[in-house]
Structures are given as structure tokens and as C-alpha cells.
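Hello,

Here is the structure I promised to pass on to you. Could you open it beside this email while you read?

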Amino acid sequence: MNKKIQSTIHQLLKPCADIERQLIAAHSQLIKYAQDLNILHKSEKESTQKLEAAHWQLQAYAKDLKFALTASKQKAGQLEKAYCDMIFRLGLASKYKDEETGNHIQRLSHYSQLMAINLGWKKTDAEMLAQASTMHDIGKIGIPDAILLKPAPLNHQEREIMMLHPKIGASLLEGSDSPLLRMGKDIALNHHEKWDGTGYPQGLKAEEIPLSGRIVMVADVYDALRSKRPYKPAFAHEKTLTIMIEGDGRTKPEHFDPQLLELFGDLHQEFAAICDRFTDE
Ligand SMILES: [Fe+2]
Ligand SMILES: [Fe+2]
């Protein structure tokens, strides 16, 4: 081959060599990309595994938390039940020192719950009021038997001592975190307060008196009028209704929260039914 042909072939082959070099470079670049991708994929896989592990861990925590929450709810429920039981027993203890009966406590809690429900209270709050109302006279534990059980009207000094029972009751129940005991304290302290400010122990007026105390006061007066006392017979329902709505000199309509007195007027037959259901006879 002469030189000219050789040079021509060389000229023709030169681009091919360039393309081959470019192909080799592209190939090694691709291998590098593949390696990078592999590394990326590997680290992504690790991240996914880590995320999955974290997910399971979180699920386990959630399960533990749910378990702990259920257990603490159960404990709170048991505690509240224990409170209710203790309160009922305290109510029974005060009953032993009083002319009032266990049936009085039952009736009072039913009248109070009935009014609360008709005032639109939540069922659980109305039930709490029913429980808390049983503590209204708990302070009578601190009143001497000679006064508490005297089969005759009390003299001035004796009445003064008797009128200490709301404060004694409140001091027995105060300082607790339990909503039930806090409501019990409000009722014990305020169930002898009157809407017109003539009640005791603080002479509170109208809405200064907690609503729970105002409700229990209506229920307590109704039941006292329906019950036999050393100084009075048990009055019939109709007579009691008239006394509460119109007054008899001793009991006056202005003693009661007007809204509650109206509600009592609407519900009076249900009051009578409760009274008959838990009769003392
Ligand atoms: Fe009382
Ligand atoms: Fe009472």
C-alpha cells in the first residue's frame, strides 16, 4: 500500500477511534452512575428499614399508652366509686345521730336528680348531684345528741348550735380534688341558705348561693314538710305543695330560687311519686 492510500485509511479511521474513545468514556460514566444508583438505593433501603422499625416502635408505644390509660381510667373509676361508697356510709353515720332516715337521703337524691335533669344538666352531672346531696347533713355528726334528738322545739341557744352543722359539714368535706366531694361541700355549706338572704350560715342571696345548694334546699324543704317531726305531723302532698307555692308564715315562696320553685310546680307529681316510693312507713 502506498503512502497515500495509508494516509487516506488513517484519515477515515480517525473518527471511528474518536467514537470508540467517547463510547469507552460513556461506558465508564454509566458504570459510575450505576454504582452511585446502587449506593443510593442501598441507603434508601436502609432508611425505609429504619422508618419501618420506628413505625413498629411507635405502634408498640401507642399500645402501651392505651393500656396505661385504660388502667388509670379504671383506677379513677374505682377511686370515684370508693368516694361514693364512703359518702353513702358517712350519710348513714350521720343518720344514726339524727331523726332523719335513710329513706330521706334516698328521696332527697332522687328529687335533686329529677330537678337537675329537667334543668338540662348532663346525665353524669345530675348523677353526681344525686350522690353529693346525700352529704347535705353530714355536719350533724358534730352536733350533740341532746340537741339533735330533742323531742321538742329547740331554744335559742340550741338552735344556734344546730345552725353550725353546715359549716361543720363543709369543713369535713373541703380540700378534696374530687368533683363529687367539692359538690358535696357546696351542698353541705349552702342547703340552708335562702334566695331572699334570710338563710344561714352566711346569709347568701340569690345566685350567690351555688345552684347545687339551691336545688337541694328545695328538695330538703319538700321532704321535711312531708315527714313527721317531734313538733309536727307529716303533711300530705297537696298541703306541702300549697305551703311551698303560697307560704305558711314559716316557709315562704321567696325562700326559693323562683326558677326552681316554678320547676318544682311542674314536677310536683313526680316529687309525690318519689316520696311514696321511699316511704318511711
Ligand atoms: Fe341541714
Ligand atoms: Fe335533710
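Below are some notes on how to read the model, followed by what I found in it.

This is a predicted model, in which local features need pLDDT of at least 70 and side-chain atom pairs count only at pLDDT 80 or more, while totals for chains, interfaces and linings use all residues. Residues are numbered from 1 along each chain as its sequence is written, and chains are lettered from A and ligands numbered from 1 in the order in which they are written.

The overall layout comes first. The chain is split into domain 1 (1-31) and domain 2 (84-277), with bounds taken from an automatic or database domain assignment. Their C-alpha centres are 112 Å apart.

Next, the core. The largest nonpolar core has 35 residues; such a core is a set of buried Ala, Val, Leu, Ile, Met, Phe, Trp, Tyr and Cys residues joined through C-beta atoms within 7 Å. Buried means that 20 or more other C-beta atoms lie within 10 Å of a residue's own, exposed means 12 or fewer, and partly exposed is in between, with C-beta atoms placed from the backbone. Tyr 111, Val 218 and Tyr 222 touch the most other members of this core. Among the helices that each supply at least two residues to it are helix 2 (102-118) and helix 10 (258-277), but helix 8 gives the most, with eight. Helices here are DSSP runs (H or I, at least four residues), numbered from the N terminus. Beyond its neighbours within four places in sequence, Tyr 111 is in contact (C-beta atoms, placed from the backbone, within 7 Å) with Ala 219, Tyr 222, Phe 271 and Ile 274.

Helix 7 may also interest you. Nine of its 12 residues are buried, so helix 7 is largely enclosed by the rest of the structure. One of the buried residues is Leu 181, which has 21 C-beta neighbours inside 10 Å. Setting aside neighbours within four places in sequence, Leu 181 contacts Tyr 83, Leu 173 and Ser 176.

Finally, please look at the loop between helix 7 and helix 8, where Pro 201 lies. The peptide bond from Tyr 200 to Pro 201 is cis, with omega near 10°. Ala 206 is in the loop between helix 7 and helix 8 too, and its phi is near 45°, a positive value in a residue other than glycine. For context, most residues other than glycine have a negative phi, and most peptide bonds are trans. Ala 206 counts as partly exposed because it has 13 C-beta neighbours inside 10 Å.

Best wishes

How values were computed:
Two residues are in contact if their C-beta atoms, placed from the backbone, lie within 7 Å.
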